Structures are given as C-alpha cells and as structure tokens.
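Please read them with the coordinates open.

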Amino acid sequence: MKKLLIALITLSFLSCSQNNQKIKLSYKIPKEKTYTYAFSMESKKLTITQEIDFKVVSTKQNVLEVNAEIKKMYWKSNSALDKETNEYYQRNFIDRPVVFKINKQGKVIENLKYLHSNQKMELLFDINNFFIELPNDTIQPGYSWKRTRPIDDVIFNEVTTTYTLKKIIKDSLAYINVFSDLKGDAEGFTKSFNGIYLLNIKNGMLEEGKLEITGFNGFNNISGDIRIYKNNL
C-alpha cells in the first residue's frame, strides 16, 4: 500500500497551509489521456478490488464524454461461490468499455452504459467515487457544499454528501472532508461514508481518497474501509 496519503497529511501539519488562499475547482482533463485508479473496499466479510481506466474522448459545450474500462476485479468473501463470482465478472465485465458524461464540475449528465450497446449494465462502480461534483463558486478553506443524488441500490435510493475544503497543501492539493448519508424506505437500515479526498487543484482529478463505512443492516452493525488512488503513484 502506498504511503502517500499519510505523508501528505503529516506534511500539511508541519508546513504552513494557506488558509486564506482561494481556488476554483473544475475538471480540466486532456483528451485521450488515460487515468488509472485502484479501488478497494474491505470489511470483515467481503473484499472487493478493482482497477479502472478513465479516458476523456470528447468535450462539447462544457460536457466531458468519458470512456471507462474495468481492467481487473477481484471478489473475496471466503465463500464457496468466490471462484464462480470472479469468473462471472471476468467473463462479463472486464475489458468491456463503458461510457458516461459529466460536466466540468462533475455533475453526471449521462450515466454508465456500454460503449457499443444500449444494454443496461450492472452497476460495478459509482462515478462519484472517482469524479466528485465540484462547487461552482471560488472557495477557500472552511467552505462546504452539499449534493443530493439518486443511487441504484437494493436498500437505499438517495445519498446526500457534504464536502468541506479543509486545507490547501503546497498550492497543489485540496484536502476535502467527505460525509455521505444514504437514505431508503426500509426501516432499520442505515449506511454512511466518512473520510477525506485529495484533489489535484490544477485539473480537479482525484489523487487519493479514504473513506470509512458505518451503518446497520437490520441485524448487525456494519463497518469497512474504501480506498481509491491513482495506480501510478
């Protein structure tokens, strides 16, 4: 595991963070450049890891069309079905390009679909895990913004996320606190995510994120961790 996140956090406390600096965040991504991210979700009962390529293929009227491909995926639940599950994902989802559209602030204009088909795809990743919706305002440390959006989930149908810019590190990274609260109609089920994201100020892209999962599934407390980072770090 890379130690960049810990090192950057430590550096931010040891050095002077520019608490009065103002920044404007947006996605400024060169066409045809590929960004590769690793994603891991770990809990006591389940581990999921993915490697995903993202590439902007067109920019029209402030809308970015992005191709994505899951290059690797691994599922581990210490179950007899693990081998069958991994073979299913390999057969159906690995190296099958999908496309989505966002505007330059990260708002999803068109959700995931297969590049060469109108077939509805099984949701294997959340766009907003990698491209958060950025504010339209010029912001400085202490500024918060909130976004509510629908989600495709068996239990939950809506998530509200609050973002707070905490620090600007060495004029290059935005340190953002993230809290997401999921809502649904089923009683006794709760789920939330709490953690930090590090964004590149120049292009808006995620450098690294770490989130803690907490909640209750109707019978037991649930907990786990999500980590996302550029795979070339």
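1. Ground rules. Contact, or touching, means heavy atoms within 4.5 Å. The model is predicted: local features need pLDDT of at least 70, side-chain atom pairs count only at pLDDT 80 or more, and totals for chains, interfaces and linings use all residues. Residues are numbered from 1 along each chain as its sequence is written, and side-chain values use heavy atoms, with hydrogens and water left out.

2. I176 touches L25, I132, W145, Y163, T164, L165, G195, I196, Y197 and L199, not counting residues up to four places away in sequence. I176 also belongs to the largest nonpolar core, which has 53 residues. Such a core is a set of buried Ala, Val, Leu, Ile, Met, Phe, Trp, Tyr and Cys residues joined through side-chain atoms within 4.5 Å. Buried means under 20% relative accessible area, exposed over 50%, partly exposed in between (1.4 Å probe, protein chains only). The members that touch the most other members are F54, F100, F125, F130, F131, I176 and L199. A second, separate core has 5 residues, including I169, L173, Y175 and L198. In soluble globular proteins, nonpolar side chains tend to be buried together.

3. The sheet. Helices (H or I, at least four residues) and strands (E, at least two) are DSSP runs, numbered from the N terminus. Two strands pair if DSSP finds at least two bridges between them. In what order do the 11 strands lie? The order is β5-β4-β3-β2-β1-β11-β10-β9-β8-β7-β6, in an open sheet with antiparallel pairing. β5 (108-114) and β6 (144-150) are the edge strands, each pairing on one side only. From one strand to the next, the twist averages 20 degrees. Axes are lines fitted to C-alpha atoms, for helices over the stretch in contact, and angles run from 0 to 180 degrees between N-to-C directions.

4. β7 (residues 156-169) pairs with β8 (residues 173-184) over 12 bridges, in the antiparallel sense. L165 stands opposite I176 in β8. T161 has S180 as its bridge partner in β8. S180 in turn has F193 as its bridge partner in β9. β8 and β9 (residues 189-200) are antiparallel and share 10 bridges. Check the turns here. The β7-β8 hairpin has 3 residues between the strands, and K170 in the turn has a positive phi of about 50 degrees. The β8-β9 hairpin has 4, with G188 at a positive phi near 85 degrees.

5. β10 (residues 206-217) and β11 pair antiparallel over 9 bridges. K210 stands opposite R227 in β11. The hairpin of β10 and β11 has 3 residues between the strands, and G218 takes a positive phi near 95 degrees. β1 (residues 34-43) and β11 (residues 221-230) run antiparallel, joined by 7 bridges. F39 has I228 as its bridge partner in β11.

6. Aromatics. Rings of Phe, Tyr and Trp (its six-membered ring) pair if their centres lie within 6.5 Å; planes under 30 degrees apart count as stacked, over 60 as edge-to-face and the rest as tilted. The whole structure holds 16 aromatic pairs. F54 and F130 form a tilted pair, 5.1 Å centre to centre with 50 degrees between the planes. F54 lies in β2 (residues 47-60) and F130 in α3 (residues 127-130), so the pair ties together parts 76 residues apart in sequence. F54 and F130 are buried. Y88 and F93 form an edge-to-face pair, 5.7 Å centre to centre with 75 degrees between the planes. Y88 is partly exposed at 32% relative accessibility, whereas F93 is buried at 7%. One aromatic cluster is made up of Y27, Y37, F39, F54, F100, F125, F130 and F131.

7. α2 (residues 82-92) lies across β3 (63-76) and β5, running at about 155 degrees to β3. R96 lies over the face of Y114, at 4.2 Å from the ring centre. The criterion is NZ of Lys or CZ of Arg within 6 Å of the ring centre and within 35 degrees of the ring normal.

8. A loop glutamine. Is Q105 buried or exposed? Q105 is buried, with a relative accessible area of 12%. Q105 lies in the loop between β4 (98-103) and β5. Its contacts are L25, S26, Y27, I132, E133, L134, P135 and N136, not counting residues up to four places away in sequence.
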